Amino acid sequence: MDRVRVGFDFRFCRTRGVIEFREVTRIYRSPLGRTVRAVEGFSLAVNRGDVVGLAGPNGAGKSTLINILLGYLKPTSGSATIGGLQPREYIERDGVGYLSELVAINPAWRVRDALRRFAILAGVAESDLSARVSDVVARLGLAEHERKSVRQLSKGTLQRLGLAQALLGDSDVLVLDEPAHGLDPSWTLRFRDLVGELRRPGRAILLVSHDLHELERTVDRVAIMHRGRLARLVEMDAARPSLERHYREATAGPEESGTP
Amino acid sequence: MSGRLGRYAAYQCRDYVRERGIPLLLVGALLLLMAERGAIGAGGVDLSGSGLRTLATAAIFLELFAPTAVLIGVNGIVSGDRKHSYYRLLFAKPVSPVRYYAHAWLVSLAGTLLATLLVLAGFIAFLGSIPVAASLQFVLLYFVLFGGVGFLLSAITEYDWVALGVVWSLAWLLRSWLPAGESWLGRMVDAILPPLHLLAGASATLLSGGRIDTHAWLWIVGYGIAAFLAGILVIRNRPMAS
């Protein structure tokens, strides 16, 4: 069990992570002065070639953490960096492949049209645009939906569209928030293959999921969050098939949850 | 970056037409119908010639059309994406929100002027000839001033159309209650609130071949651009998520 760590210490990190959270704390303050610590002292590095999962119960702070990673929220203290840069600095230069938990795309847009828009914003050259869009349409099985408007899509198809747009830019950083949510069993299986295809030495993938079985099958390490903290960091090759046990232990209660 | 947004501008134009341009043309058509039926016009104004009557009607028409056009043109321009969470996928791409929304505002300005041209064509066809360049200049000034303020408010709050209405009303009400020349409070109100009063009657001045006083012109344009730049600062510094 020596490969199961509680917390994360950068002194043990030999290579600099592509994605790095260093002692990130985020406190929400209400106008009446009440405070909620959504994330507290969270540290984690995702290196090139890594596929790292992020798990935790509702309210554990996963969404806040992703918002901080994308520069949509600022941490109260600590820092998040991508490629050694502030998130917005990196993203505005290179972009990241991001699938949000809630796939929010203008419902009036048509599927192919939406993908062309995202491809342009992702910096795909005009000469490659049609081929790149057709590629993700084929990979995510969207061909029969191309002419539909986004509002006509089922939950699962919308999820696939969200995943398709995340792959357009061929980014070195992928952040997939509940990517298999709403997918039917056959697409869930296909998604596992897809994560395998997306792995490459220069790419860091952060996969947020409630589905422990999904994580067991797709990632190298799982960071389990509880009450805003990194409760455990589980190396999958050592832990398999007992991620569920680690999860139960890590999220059992405040007195039992590990603190970094 | 600007290359990407330059290519994306075609889609922003399409969005403008569908979400703002068509509603604006519908409002313009309704206002034209009202003007043609005499509901908008130089009622009570003693005008000797029908040409002058047309100009007076056009002046009143523009004073109604311009604020409506700006309200439709900038409402939700930033706040809509926040409210619907569209920003999440858009700005994971290598795109600066500042440039994206600055582009969107410029597209809205261009679209509003184009829609105004079409409405003016309708005015000329049904009510008589009016100076097109002067009419466009009035709408342009209104957009720069009121649209700049609208952009700032949209960057600050998701209730931007309500806030814009409040600012518009306050600008009129407080100036009438606290005249600038009578107290320090009046001078402060005059300096802080958008100088909409300088646009009151400006349509008539421009349509009759006159010019807006240089000081007033600079104050209108300067205020609008300052508000727009403040909006840019807010977008740059305010996190998209809350």
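Trainee: Why are α5(A) and α6(A) called roughly parallel to each other?

Mentor: This is a predicted model; local features need pLDDT of at least 70, side-chain atom pairs count only at pLDDT 80 or more, and totals for chains, interfaces and linings use all residues. Residues are numbered from 1 along each chain as its sequence is written, chains are lettered from A and ligands numbered from 1 in the order written, and side-chain values use heavy atoms, without hydrogens and water. Now the helices: α5 (residues 155–167) and α6 (residues 185–198) of chain A pack at an angle of about 10 degrees, their axes 13 Å apart. Angles under 35 degrees count as roughly parallel, over 145 as roughly antiparallel, 65 to 115 as roughly perpendicular and the rest as oblique. Therefore α5(A) and α6(A) are roughly parallel.

Trainee: Which residues make the contact of α5(A) with α6(A)?

Mentor: Arg160(A), Leu163(A) and Leu167(A) come from α5(A), and Trp187(A), Phe191(A), Leu194(A) and Leu198(A) from α6(A). Contact means heavy atoms within 4.5 Å. By class, six are nonpolar, none polar and one charged. Ala, Val, Leu, Ile, Met, Phe, Trp, Tyr, Cys and Pro count as nonpolar, Asp, Glu, Lys and Arg as charged, the others, Gly among them, as polar.

Trainee: How many residues does each chain give to the contact of chain A with chain B?

Mentor: Chain A gives 35 residues and chain B gives 29 residues. The two chains bury about 2,900 Å² between them, 55% of it on carbon and sulfur atoms. Tyr72(A), Arg117(A) and Leu121(A) supply 27% of the area that chain A buries against chain B, more than any other three residues. Buried area is the accessible area (1.4 Å probe) that two parts lose on being put together, summed over both.

Trainee: What makes Arg14(B) and Asp113(A) a salt bridge?

Mentor: The rule wants a side-chain nitrogen of Lys or Arg within 4 Å of a carboxyl oxygen of Asp or Glu. Their side chains meet at 3.1 Å, N to O, so the pair qualifies. The count between chain A and chain B is three salt bridges. The largest share, six residues, comes from α3(A). That side has 20 nonpolar, six polar and nine charged residues.

Trainee: How do you know that Arg117(A) and Asp113(A) also form a salt bridge?

Mentor: Their N to O distance is 3.9 Å, so it passes the cut-off. The two residues are four apart in α3 of chain A, therefore separated by about one helical turn. Helices (H or I, at least four residues) and strands (E, at least two) are DSSP runs, numbered from the N terminus.

Technical notes. Axes fitted to C-alpha atoms, helices over the stretch in contact; angles between N-to-C directions.
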